[in-house]
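Let's take a walk through this model together. Have the sequence and the 3D view ready as we go.

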Amino acid sequence: MAITDLALLRDEPEVFGPVASSPTAWRPLPGIDPAALGALRAARATAREIAGL
């Protein structure tokens with residue numbers, strides 16, 4: 001899933017609930033420093049491991 005896929009999620013509000021607009025999702029990205037990026041990557045890897053992906 002990528003920010004560009006948010007429109008797909010917005011098309012199913014009964015399943016996904018409120019979904020941020022694309023500009024809202026992009027806004028914080030420039031402020032992500034290397035440490036935060038590393039933490040996000042670690043969290044994603046843990047989530048993928050739990051999900052069996």
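Which residue takes a positive phi just after helix 4? That is G52, with a phi of about 75 degrees. This is a predicted model, where local features need pLDDT of at least 70, side-chain atom pairs count only at pLDDT 80 or more, and totals for chains, interfaces and linings use all residues. Residues are numbered from 1 along each chain as its sequence is written, and side-chain values use heavy atoms, with hydrogens and water left out.

Now for the overall fold. The protein has four helices and zero strands (DSSP runs, H or I of at least four residues for helices and E of at least two for strands, numbered from the N terminus).

Helix 2 covers residues 13-16 and includes P13. P13 is partly exposed, with a relative accessible area of 45% (buried means under 20%, exposed over 50%, partly exposed in between, using a 1.4 Å probe and protein chains only). In sequence P13 and I3 are 10 residues apart, while their C-alpha atoms are 16 Å apart in space.

Further along, L29 sits in the loop between helix 3 (22-26) and helix 4 (34-51). L29 is partly exposed too, at a relative accessible area of 35%.

Finally, the C-alpha trace spans about 35 × 30 × 15 Å along its principal axes.
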